[in-house]
Amino acid sequence: MRRRFVLLAGAVGLGLVSRLAAAHAHLQGASPAVGSTIAVLPEKLVCTFTEALEPSLCRIEVRGPSGTRVDRTDLALAGDPRRIAVSLRPDGAGVYRVAWVAVSVDTHRTEGLFSFTVAG
Ligand SMILES: [Cu+2]
């Protein structure tokens, strides 16, 4: 209950909070890499952050070139408390857009967008 309240307050003050967020979970890297062009869509998208995550509160939504959601909503830690992965469903060549929300173990929330391209 307390955590829920903290999250809500965090979401309301997100603009301010993220500016003060020296030690929060920022995206350190992804596979496929941010902005990259790849030949074949991998089975999973893996995102690595700068802080340990609370996986049950994190979200990753991936939309394929057709605009439909292509992640299989099976987000889970991937062998490291700072790393989460989600399975992907192929949606052809084009731009895949990723929207992420990361909640670190200190319950602070960050979010962002990036894309990668699957070459035709
Ligand atoms: Cu924090």
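This is a predicted model: local features need pLDDT of at least 70, side-chain atom pairs count only at pLDDT 80 or more; totals for chains, interfaces and linings use all residues.

Residues are numbered from 1 along each chain as its sequence is written.

Me: In what order do the elements of the protein chain run from the N terminus on?
Reply: Helices (H or I, at least four residues) and strands (E, at least two) are DSSP runs, numbered from the N terminus. The protein chain has two helices and eight strands. The order is α-α-β-β-β-β-β-β-β-β.

Me: Is Thr 107 buried, partly exposed or exposed?
Reply: A residue is buried if 20 or more other C-beta atoms, placed from the backbone, lie within 10 Å of its own, exposed if 12 or fewer, and partly exposed in between. Thr 107 sits in the loop between strand S7 (94-103) and strand S8 (109-118). There are 17 other C-beta atoms within 10 Å, so Thr 107 is partly exposed.

Me: And Thr 73, buried or exposed?
Reply: Thr 73 is in the loop between strand S4 (59-63) and strand S5 (76-77), and its phi is positive, near 50 degrees. Because it has 10 C-beta neighbours inside 10 Å, Thr 73 counts as exposed.

Me: Is the peptide bond from Ser 31 to Pro 32 cis or trans?
Reply: Pro 32 belongs to the loop between S1 and strand S2 (37-38). Omega for the bond from Ser 31 is near 0 degrees, making it cis.
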